[in-house]
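Visitor: I am new to this structure. Please take me through a single part of it, step by step.

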Amino acid sequence: GGTTKDSASSNGGAAGQPGASADPNASIKTGLKFAYLPKQLNNPYSDVETAGGKVAVGELKGEYKLVGPHDASASSQVSYINTLIQQQQDVIVVAANDPNAVCPSLNQARQAGIKVVSFDSDASKACRDAFINQATTQGIGESLVKMASELAGGEGEIAVLSATPNATNQNAWIEVMKSELAKPEYAKLKLVKTAYGNDDDQKSFQEAQGLLQSYPNLKVIVSPTTVGIAAASRYVSSSNYKGKVTITGLGLPNQMREYVKDGTVKKFALWNPADIGYLAAYAGAALASGKITGKQGETFTAGKLGEYTIGADGEIVLGPPTEFTAQNIDQFDF
Amino acid sequence: MGAVLEVRDVTKSFGAVAAVQGVSFPLYAGEAHALVGENGAGKSTIVKMLAGVHRPDTGTLVVDGERTEFAGPADAKAAGIAVIYQEPTLFPDLSVAENIAMGNQPLTRLRQIDRRAMHVNAARLFARLGVQVDPARPARGLSIADQQLVEIAKALSAEARVLVMDEPTAALSGVEVDRLFAVTRALRDEGAAIVFISHRFEEITALCQRVTIMRDGRHVCTEPVGELTVDDMIRRMVGRDLSTLYPKQEATIGETVLEVEGLSREGVFRDVGFTVRAGEIVALAGLVGAGRSEVMQAVFGVDRYDRGTVRFLGRGLKPGSPRASMAAGMGLVPEDRRQQGLIIELSIARNVTLPRSRALARLGLLFGGAERREAAHWTRQLQTRFGRLSDPVGTLSGGNQQKIVLAKWLATGPKLLIVDEPTRGIDVGTKAEVHRLLSALAARGLAVVMVSSELPEVLGMADRIIVLREGHVTARLTRAEATQEAVMYAATGQPT
Amino acid sequence: MAAIATAGPSRRTLDALVRIRELGIILALTVLVVFTAVNNPRFLSGQSIRDILLNSAILAVMAAGQAVVVITRNIDLSVGSVLGLSAFTVATMMSAIPGLPMAVALLAGIGVGAVAGVVNGVLVRFGGVPALVVTLGTLYMYRGVTYSWAGGQQVNADELPRHFLRFAGGSVLGIPWLVLIALVVVGGVSLIMRNYRVGRELYAVGSSPQAAELAGIRVARNLLGAFTVSGALAGLAGVLFAARFGTVDAAAGTGYELNVVAAVVVGGVAVFGGSGTVWGAGLGALLLTVIGSALAVLDINQFWQQAIVGALIILAICADRLVAVRIARSLTKRDSHV
Amino acid sequence: MELASWDSLIVLLTVAVLVIASLAVPSFGTSRNFTFLVLDLMPIALVALTMTLIVVTGEIDLSVASTLGLTSSLMGWLWNNGLPIETIVPLCLVAGAILGACNGFLVTGLGLPSLAVTIGTLALYRGLAFVVLGDGAVADFPWNYTGWVTGTIGGGAVPNVLVVIVALALVSGVVLHATPFGRSLYAIGANAQAAHFSGIPVARTKFWLYVASGTIAGLAGVLWTLRYSSARADNGAGLELAVVAAVLLGGVSIFGGKGTLPGVLAGVVLLAALQNALRLQDVSGQALNVVTGALLVLSVLLPNLASSIRTTWHRRKLRQAAAH
Ligand SMILES: Nc1ncnc2c1ncn2[C@@H]1O[C@H](COP(=O)(O)OP(=O)(O)OP(=O)(O)O)[C@@H](O)[C@H]1O
Ligand SMILES: Nc1ncnc2c1ncn2[C@@H]1O[C@H](COP(=O)(O)OP(=O)(O)OP(=O)(O)O)[C@@H](O)[C@H]1O
Ligand SMILES: [Mg+2]
Ligand SMILES: [Mg+2]
């Protein structure tokens, strides 16, 4: 998995949250300053997420701000967090590029009274107040294996095309996939290789080629990243492997529409990314207003999404992912 | 008949240095016109104005009776002016033939370059100059003399109306100079105008009809060569009378300092051996390309050798390490000052003290004016003309650059000094100065090895002469035995 | 004086063969292909060869332009950003007006690139700013322009006209269009650089800028031309990129500059200008792509892949150096006196 | 060495930017922001020191960021294997030195062009970083070390790492500008052949510079790891371009033989301060890139334009004077 050890000792200086207790009756403040810090700017997926956040901040009558690096690196995120501390924001909504590297800065932010909500890709538990999880890691891993099995007809070789070798969430899902595949009902399904396209379109493209050349009997490529699934689909749809191998994973309907229609892709999944950003804003507002503190069992209302309850370790789960097929894809636009 | 080209009252300054101030002279078809003056008098600056490299600050050039301003060398070229610059300007990565043909390569019908014709042309030009250079080889690695010859071939190939030659003979020996003059005379007689610069007066009297003398950037006079004696010229150029050019002092010959035995390097030199004693000036004579520079570079350690031994002050010298040679007390003034002797972008002070910086440092640090003082001392000794010690050395005139190289090595206080063409491009006054200096140093016990292509210099200065031909020693002559004929015979293998 | 060794015709041919500067890289390429094919014969299947050629086409086009610039003793680090700008421009244009023919797309891309190249050239030549500084600057600037134009937008394959996307896969006489374009570009530029005056002038400028100035070569015009060619070819590469990958966002081509420079250098073009050939650079691009594909096929541990790429690049440079040294030695031999 | 006009210019510009930013940008001048600023420029400043020396000799080292990444990985791996930090840090520095020595050998021993070699090792070292640590990250470094790196002296305004930067900058500055060794670097960069003829051991000098560069990159890797308390294979990716940009902005000629260390440090501070100030003003990342690029070009362009206008004007004056 990506995160390895818990960083207990690294947070020696972190104050955590002062022992405040939640006031369920507190009213949500207006005029709060929200800053969204996705993994990377100008990434279509992040853009959809943060756009949801913007809508929610508007509903909450807060100030919305979007900052972030171009290079998906933790070090640039730290610089941005430092800047946000200086600017005295009320809520930072962050998708961590490295769960530990951003930790000291996030804790400094919390010491300065800023609420930290992580989304998409979690920061260490010790340095954020709440985490908006798109779906449980377990749930995503299971549904990836289920889709692959269906498409392969229950037996044969499958391969995974992931993002960077140390992407936290990807690795967690792949771990779940492996333990799922160990179960007897998937015994005939064989995971032959995990390739990494680094969330780079071209590299993913080349890796897909490599997979097909190395494993001519491959039936399914599972790519749990929007960049990878699009690149792999594009390669297969233009090569003579089309029809012999099928692609699935997590993708954006707008990017995948073409390949679903031409038959390269039968089925893939995703949650609505906009809802993640939306939910994060409401969670942040509730935190900043003292309505919740991030403890398990606290509840709050998130606008059109309804009521949510905080789970273990401050996790708030959005809901199950949607599966897209040729029948329903035209109903979605993101 | 009107002048093909006239320089009219031109002025050029570089910052505070007024290089040329109000010089005028006309240039007629069918004449060879000499330009003489001390180092830094402004000759090359005039050349560069003729070439379109510099634009005159004031004054104009008049081409065929029309005032002309060259925006760049291309314009000068188009006006029929070909220039051989003082420092070679070849393209090291291109073949010799391409270097010569650049800009007017022969083309095939498809407007592609006709390589075969290009090579034939180059070979023909070399034949005319009586030299053999492979047109297909790259210019990189050519000796300075060969580079100069390629430059000459390049200028000839342009078939220009005006041929400007800035010290073309400085790197050449007698044979090549004679060939060059033959070719130049032929061109002149065909109606070309020649501008010729040299510090050797015998060349000027041999080739030129008129001479323009410059001093400190000013025009002194323009007169027919026949009406001036060499002494007249020197007086006007230097502004005073000059005593002897080769002030050889007698020195007591001491212990053997350098012993070279059986030194060989495949394809370059073989079985070269000689000794040098303290107080002695030993000259290495020979034609261009005889391998003299290579031998001495191998001795000093900047080059390798395959076989043989070099003993210095009784001890074997570590091969291939100039640092060890320097530490032992050896110095080498190389022949190619711009590539090997100087660091053009660095200041005069830095250049002079470069091999000495370790000795000048206090506690390993170079603070204060130690370098500056040292540099000031040596530039004064050698009467160098420059603006400030912090100026880049590249802004000096050719001769003054040569003095800086000498200063650099004299400053190390060597026991043996190898000087390779020490007076190349140096004016008479300074040349006498350099000779006096070498002679005085030898009298104080310095051993000197002098590589020189100038026979009078060799005969005038050396205690012993070693002649090389095609990489091996063909004669060892004492001062008493040495005559022009004897040296030439050994160098060429043919009686003159 | 240098005695010219008069060699028999057979020795001359052999000589010429040994003297091919690109020998090192050709050898490296052969060894790699043979090794990979022995391990996995599918590496030489039609589809695989097609993929490799298609993948190297874009890099080769850019390498050809870069080689021209490097030969003049300059460098163009902005090519990745120019590719991005051109790709995004063309993709946006084609998605807005789907009826536009392919030729217009190509011209638009080349045009965008050429303008970017002219800007580089003007700054280098007339501003007196070293090329590395200029193009490192415009690397940031062109990318910044693309980002602020694109924002988070992305042009997806389904927004692009069919004929535009089909161009990437289409072929004439069995040769894919992309490969054909790359061949024409590399071949054409090589020919000009080798056999035409303007090409030789570019070599001269790189070999010694001062001497070129003195020789009356119009250095300004040449440099401007070199940067324009590099920019235009990066622009062309942008169109090819858009057609081949279908998905274009503001980050397209990020980091390409290092690949392109690596291809040129591996292909035997000296970074100090004046020597090397354009087709060598093309081979360099091919070699780098083959390395990438071979590693994917050889099923090498993911974590080792990048390390192996680096090691292979260094090996290729060593091989190239070896050949250069041998050539130099054969030259001194020929000129030996005695 | 006297400051050439260019270096004083860039130093002045840097001071001006710092002053203007402190006045115009709220919270730029705070001590906390100063700490952030120093921490942000730390790796670039460190690596730029040795990069300056290398570029002055006419070579380049593009592998520094990958060396940083590899030592960071190594640090994580060693820590996972139970070694104490006191042992790990020297080991990492030695590792950096060895990586630098490899570059040095390829460049000086085999005579390969440094740009090509270090593009190769850029890929190689980064690859090895992944080999060492794979996709993992090591985060549990002891607080007293990570805290020291992010902390300030006595909790005041001066960050601890500033001491390291200043000390190393002083050493490099003295070496470059006031020692025979420094003199030889300029000589090598301006004309290697003449340097060789002057008895300067060209190859050996360059070799040791690469070793120094590797060592400093190793140190930067250690400090980076502790700062983010995260050892990862991709740490510092892409840093090489930022370093080269700062060095060029500082007035070092890419062709060697020219440039000063104060200029480079000013360049580093200038870039970092501008980025910091603009970020505080919510200027977007793309605009930051455009500003960086424009600054780089303008910094060289403007002085050139000014001087060429001066000479034209001067010539015209002379001509007019002569006409009368
Ligand atoms: N580019 C330049 N910048 C500054 N000063 C220069 C430059 N070129 C020449 N000078 C100065 O102009 C003066 C004339 O130099 P020039 O090269 O014309 O002398 P010269 O007569 O050719 O001498 P030599 O016989 O030594 O070649 C010298 O003092 C020299 O230092
Ligand atoms: N680096 C080199 N590569 C190839 N050939 C060289 C190189 N240096 C010199 N040569 C050749 O070696 C020959 C001997 O040159 P050298 O300089 O020793 O001659 P020389 O007797 O000193 O004459 P001069 O100094 O007058 O040119 C030259 O003809 C030159 O062509
Ligand atoms: Mg002169
Ligand atoms: Mg010689």
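Visitor: Which residue forms a salt bridge with Asp282(D), and how far apart are the closest N and O atoms?

Guide: Lys65(A) is the partner, and the closest N and O atoms lie 2.5 Å apart. A salt bridge here is a side-chain nitrogen of Lys or Arg within 4 Å of a carboxyl oxygen of Asp or Glu. A word on the source: this is a predicted model, where local features need pLDDT of at least 70, side-chain atom pairs count only at pLDDT 80 or more, and totals for chains, interfaces and linings use all residues. Residues are numbered from 1 along each chain as its sequence is written, chains are lettered from A and ligands numbered from 1 in the order written, and side-chain values use heavy atoms, without hydrogens and water.

Now the wider interface. Chain D and chain A have two salt bridges between them. Several elements of chain D give two or more residues to the side that touches chain A: helix 2 (31-56), helix 10 (202-228), helix 12 (261-280) and helix 13 (285-323). Helices are DSSP runs of H or I, at least four residues, numbered from the N terminus.

The contact takes 31 residues from chain D and 35 residues from chain A. Contact means heavy atoms within 4.5 Å. The two chains bury about 2800 Å² between them, with 48% of it on carbon and sulfur atoms. Asp135(D), Tyr228(D) and Arg279(D) supply 21% of the area that chain D buries against chain A, more than any other three residues. Buried area is the accessible area (1.4 Å probe) that two parts lose on being put together, summed over both.
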